[in-house]
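Subject: Structure handover and notes

Dear colleague,

I am passing on the structure we spoke about, together with some notes on what was found in it. Please have it open beside this message as you read.

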Amino acid sequence: MESNDAQPAARPLLVLARWFDPSVAIAFGCIVMLLLLGSLYSPSFLSPEYLLQQLKVASFLGVIATGMMLVILLGQIDLSVPWVVALGGMMSSAIAGWGPVGEALAIPFGIGCGIGIGLLNGIGVAYLRIPSMIITLAMNAVVQGLMVLYTGGFSPQDSASAAMRFLATGFIIPNLPNSVLVWAAIGALTVFVLTRTTFGRAIYAIGNSERAAYLSGAPTQRVVMTTFAISGGLSAFAGVLLAGYASKAAQAMGDPYLLPAIAAVVLGGTSILGGRGTYLGTVAGVILITLLQSILSVMQIAEAGRQIIYGVVIIAMMLLYGRERSASNR
Amino acid sequence: MEALSTPLFRMEGISKRYGGVHALRDASLAVEAGRIHAILGENGAGKSTLIKIIAGVTAADSGRMLLNESEVTFASPAQASRAGIACVFQELSLIPDLTVADNIFISDPPRRFGLIDRGKQRQMAEAVLARAGAGDIHPMAQVRDLPLSRRQLVEIAKALARDPRMLILDEATSALTQSDVTKVFDVLKRLRKEGLALLYISHRMQEIAELADICTVFRNGRNVATYEAGTKSDNEVVELMIGREYRHVFPPKPLPVPADRVPVLTVNDLSWSDRLRNISFSVQAGEVVGLGGLDGQGQRELLLALFGVLRGVAGELRIDGNKVAVKGPNDAKAPKIGMALIPEDRKTEGLMLPMSVRDNLSFAALQRISTAGMIDFAGERRLIAEMISLLAIRSSSNDQPVSALSGGNQQKVVIAKWLMVTPRIILLNDPTRGIDVGTKQELYKLLRRLAESGVAVVFYSTDYDELINCCNRVLVLFDGSVISELAGEGITDRALVASALSIGTNSAAKTREAR
Amino acid sequence: MKDWRFLVREQRGTLIAVALFLVMFTIYVSYHPAGFTLNVVTTASNKGVLLAFVAMAQTLVVVTAGIDLSLGMIFVLTNCLASWLVAGSPLETAFGVVAVLAAGLVCGMINGLIVIYGRLQPIVTTIATGAIYFGIALLLRPVPGGEVNQDLADALTGKLFGRVPASLVVLLAVVVVIWIPFRRSLTGRAAYATGSSEAAAYMSGVPIRRARFVAYSLAGLLAGIGGLFLTFFTYSGEASAANGNTYTLYSIAAVVLGGVSLFGGVGSAIGAIFGAFVFRTIGDLLFVFDLEPLWQPLFQGMVLLLAVCLGAFRLLQIRNRLDYFG
């Protein structure tokens with residue numbers, strides 16, 4: 001789109017600069033470095049099959065990290081991810097067992113349950129002003145309690161519907177897994193919302209200064225509540241996909257996703273204090289985390305090493321980027 | 001006591017800048033032991049900054065301080081306290097969840113085996129509370145449960161507990177009842193006899209007349225006069241406080257607005273908490289109504305109340321004669337009401353600093369330039385361009401963060417952002433604070449243009465010159481009520497200062513005792 | 001007489017937790033088939049003290065208006081460490097105990113250093129350090145196992161002189177040796193002052209950084225004591241992420257139930273201990289009323305949720321909406 005602007009060269013450069021803040025560039029740099037390191041170990045690291053496989057694995061985390069990013073942009077956090085993921089997987093699989101109607105409703109019902117929990121989180125944060133960390137932690141415990149009660153503490157026997165399996169493992173476009181398409185669609189929608197809508201602007205504004213956003217007449221409480229609902233819905237959606245991927249839901253299936261989701265968002269340059277960050281960065285963070293996991297497991301570094309490396313990487317990155325605005329370090 | 005004693009504390013050539021604004025320029029002060037030294041000055045004369053520097057809360061940019069003729073620097077309040085300087089701050093430094101005794105001995109409690117000796121601390125607290133004239137406060141009460149006036153006495157006791165050589169009281173009596181004031185004065189007089197140096201900042205002329213031995217007047221960050229108490233009349237003091245170095249060029253004074261139309265904004269009997277008391281006034285289209293008075297007499301709360309930010313506001317609000325309920329900024333900016341507020345602190349309340357100029361400008365008016373929640377980028381660009389040229393906002397690009405702009409341009413962004421919603425009523429909360437002279441003049445012209453186009457303006461300013469030159473009428477607030485209304489040629493320096501200080505003017509015979 | 005009322009006002013949260021516990025425990029033992037016997041009390045106390053230690057730890061940090069989400073992982077890490085070190089001859093065992101407690105302390109100090117000097121948010125910092133501590137625990141115990149000095153373990157989890165549950169005595173000793181000196185020290189009061197109003201604390205010349213550092217460090221130490229005790233109960237070490245997360249979560253619940261304000265400045269570790277007991281008794285009550293144990297997680301989650309929602313009542317007092325934004 002060419003325009004007769006006064007500085008035709010400067011404008012795209014500026015736009016590029018806004019998208020490519022240093023942390024995003026570094027995240028992409030790390031991805032390239034990891035791939036090169038991996039290819040020294042085994043040339044198959046650069047093969048299209050391996051890369052597509054990684055994208056497929058990344059897509060589940062990507063969907064969760066999308067919701068997490070929106071919440072973090074507000075300057076909040078959503079710690080209810082683990083059991084909302086499980087909730088999405090279990091509820092959709094449960095409904096799928098109810099004949100053809102159940103088959104059809106499985107996916108929306110699973111997501112709907114997540115939105116419901118997210119909504120409760122949002123009401124707690126926006127209207128009752130309970131710190132998001134606390135209410136989402138408590139909500140996680142409640143959902144866990146509900147699911148334990150429902151499943152009797154064992155992995156549920158219901159299996160995922162055909163649609164769920166197709167969404168997670170099928171191919172509409174040959175060789176491109178559907179889950180990657182799902183992530184791409186959600187990502188595109190998120191970019192649209194963040195850059196083109198009043199809702200997206202309000203999210204950034206609240207993250208920068210909720211006080212100023214409120215005094216500007218933005219419906220801050222409604223935006224916060226809705227964002228938590230979206231995050232809950234996306235976590236549950238990831239649960240639906242994971243259940244489709246494994247053909248059924250499992251206890252604690254969401255546990256390995258909380259920390260990587262936060263890490264991906266933070267590594268992608270989104271400020272943990274809110275208000276700053278791009279979706280491109282989150283994409284980079286998700287891929288980076290996935291590659292890191294993959295390489296660590298290829299190099300046969302155990303879960304222990306992975307946990308330690310996560311922790312160290314998150315703290316190191318935050319020390320690099322997170323300090324400038326942390327005047328009040330609460 | 002010797003007649004020509006050397007001062008206990010001296011400061012020389014003290015300057016302090018905040019951004020582009022000089023809060024203090026080359027100020028000096030000498031405080032002697034055994035005397036009560038009063039500091040007077042208008043809003044923004046530099047008194048608060050002076051206190052903060054002496055107490056170690058902020059550091060001066062240049063100049064030196066001497067205590068007993070040896071140079072001292074204070075990096076923190078704790079250091080000043082150790083040197084024997086205790087300060088009773090205007091904004092309280094008490095910790096709400098601790099007990100009175102804990103608060104009084106917060107930094108240096110009595111200890112036994114390294115642990116705080118609560119029994120002894122309690123006895124000592126009782127003694128020092130009695131010394132501060134607050135023997136009726138229980139040392140085990142939690143500060144949170146005490147009313148404001150009691151807390152202020154605890155604050156004084158806390159300062160005394162450090163056994164200071166110099167005690168600073170910054171508006172320390174503002175929340176006290178008359179009987180408490182009498183008690184505190186007795187205490188201060190006794191401390192003077194004990195040889196303490198006392199630095200007393202107050203806006204209340206009667207108190208200064210009763211208490212002070214020596215007075216220093218500050219104006220525009222400088223000490224302009226020091227005189228023995230009782231050697232100048234109230235009028236002379238007011239004259240010293242308002243004399244100005246330069247005057248801004250203001251647009252011509254507004255013509256009176258005919259009062260026969262239905263006012264755009266009518267306020268009846270507005271009250272809130274104990275900060276606003278039965279305020280009634282109205283504003284016509286095209287009229288600029290100023291809010292005057294000393295800082296912190298309820299002007300800010302009044303603007304917030306009108307904008308729907310405060311909860312539990314009693315009274316009635318009418319727009320075009322129709323009763324309305326404003327439940328928040330979102331309501332207030334709706335076209336039916338059409339209100340805009342330029343808030344007090346542009347950095348935290350007016351702007352999202354790290355966000356771009358563009359995002360900040362269009363944020364309040366997003367509803368106007370979007371359909372179904374989707375922003376019309378072309379419309380946004382058009383409107384922004386319009387505003388940037390209307391207000392002559394200088395920025396290298398609309399994509400740069402608003403934090404990169406100068407203070408004056410930032411304030412223009414705040415105003416432009418609200419003009420984009422085409423308000424009919426604009427509330428301004430001290431919009432020229434910390435802004436360069438050139439931008440100020442542009443803002444005055446803008447204000448006049450807006451009024452001429454039929455906007456009703458409510459304008460709070462701490463600069464009396466602005467009230468005099470920009471307003472059709474000025475309401476002077478004192479302690480949450482309107483104590484006098486000045487109009488047209490009646491808005492003068494003298495009238496503003498006199499009624500703000502609540503000393504003998506026409507209708508302003510109200511004093512604290514009346515309550 | 002008047003003093004007494006002020007003390008009650010100051011310790012209100014703690015007293016409510018104590019009362020709540022007494023009521024619940026009375027109901028529990030009166031419905032328990034065995035009734036009020038030493039065995040019942042010892043079992044209850046052994047179940048309660050683990051959470052009580054972690055809740056005490058959480059109290060220290062929460063009082064400064066911070067939070068430590070790594071405490072559960074420190075608990076697990078010290079458990080795994082103890083399953084290696086606290087064994088063998090009395091001397092070796094003693095060395096092991098000291099090493100385990102030192103490890104807890106160091107974990108807490110690392111948290112404190114990063115939060116205070118790195119100026120990072122406590123939430124994310126402690127989530128990340130929690131991952132590191134858990135990783136180390138996994139390195140130590142890839143599969144559950146190990147051993148512990150059984151004599152010591154049995155002594156500390158049994159009955160002292162055949163009359164008093166030993167775990168309660170240890171808890172009391174920890175309160176006397178760690179909590180009370182902290183509470184009565186200048187640093188401890190600085191921690192309360194910092195949590196109550198950091199600005200006022202600064203104006204009053206309170207050592208804010210030292211207070212926060214000591215709070216995080218001692219929290220690590222207390223979580224370490226908890227981990228050590230876990231080893232005495234299980235005779236082994238296990239790097240269980242679920243266990244760590246559960247203890248972190250329950251410590252927050254216990255703190256809230258114990259009358260400690262999550263906004264800082266209010267509450268006491270004594271309250272948190274009773275909060276922990278209350279939380280444990282909920283599970284026991286479900287047991288004596290023959291409810292399926294499956295209800296327990298939900299029940300505990302609901303109690304936690306209700307407890308945090310109680311804090312919302314302070315909103316009713318706010319009259320300027322700008323105060324919502326702190």
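To begin with chain B, a compact globule of 515 residues would have a radius of gyration near 24 Å, and chain B has 25 Å, which agrees. Please keep in mind throughout that this is a predicted model, and that what follows was computed from it. Taken along the principal axes, the C-alpha atoms of chain B fill a box of roughly 75 × 55 × 45 Å, and the secondary structure of this chain comes to 17 helices and 24 strands. Buried residues account for 49% of the 515 residues in chain B, and of the contacts in this chain between residues at least 6 apart in sequence, 68% join residues at least 24 apart.

Chain C can be described in the same terms. The C-alpha atoms of chain C fill a box of roughly 60 × 45 × 40 Å along the principal axes, and the chain has 14 helices and two strands. Of its 326 residues, 55% count as buried, while residues 24 or more positions apart account for 77% of the contacts in chain C with a separation of 6 or more.

Is C:Phe53 buried or exposed? It has 32 C-beta neighbours inside 10 Å, and since 20 or more are enough for the label, C:Phe53 counts as buried. Leaving aside its neighbours within four places in sequence, C:Phe53 is in contact with C:Leu222, C:Ala223, C:Ile225, C:Gly226 and C:Phe229. The C-alpha atom of C:Phe53 is separated by 9.5 Å from that of C:Phe75, which is 22 residues away along the chain.

Turning to the contacts between chains, 46 residues of chain A are in contact with 44 residues of chain C. On the chain A side, helix 6 (132–151), helix 10 (210–215), helix 12 and helix 14 (303–321) are the elements that give two or more residues, and the largest share, 13 residues, comes from helix 6 of chain A. By class, this side of chain A divides into 29 nonpolar, 10 polar and seven charged residues.

Chain A also touches chain B, with 21 residues of chain A in contact with 25 residues of chain B. Here helix 1 (10–19), helix 9 (198–208) and helix 10 of chain A each supply at least two residues, and helix 9 of chain A gives the largest share, six residues. The side of chain A that touches chain B has nine nonpolar, seven polar and five charged residues.

Finally, within chain A, the axes of helix 12 (residues 258–267) and helix 13 (residues 279–298) come within 7 Å and cross at roughly 130°, and these two helices of chain A are therefore oblique to each other. Their crossing is right-handed. In this packing, A:Pro260, A:Ala263, A:Ala264, A:Val265 and A:Leu267 in helix 12 meet A:Thr282, A:Gly285, A:Val286, A:Leu288 and A:Ile289 in helix 13, and the contact has eight nonpolar, two polar and no charged residues.

With best wishes

Key: Residues are numbered from 1 along each chain as its sequence is written. Chains are lettered from A and ligands numbered from 1 in the order in which they are written. This is a predicted model: local features need pLDDT of at least 70, side-chain atom pairs count only at pLDDT 80 or more; totals for chains, interfaces and linings use all residues. Axes are lines fitted to C-alpha atoms, for helices over the stretch in contact, and angles run from 0 to 180 degrees between N-to-C directions. Helices (H or I, at least four residues) and strands (E, at least two) are DSSP runs, numbered from the N terminus. Angles under 35 degrees count as roughly parallel, over 145 as roughly antiparallel, 65 to 115 as roughly perpendicular and the rest as oblique. A crossing is left-handed if the near helix is turned anticlockwise from the far one by less than a right angle, and right-handed if clockwise. Two residues are in contact if their C-beta atoms, placed from the backbone, lie within 7 Å. Ala, Val, Leu, Ile, Met, Phe, Trp, Tyr, Cys and Pro count as nonpolar, Asp, Glu, Lys and Arg as charged, and the others, Gly among them, as polar. The radius of gyration is taken over C-alpha atoms; the globule rule is 2.2 Å times the number of residues to the power 0.38. A residue is buried if 20 or more other C-beta atoms lie within 10 Å of its own, exposed if 12 or fewer, and partly exposed in between; C-beta atoms are placed from the backbone.
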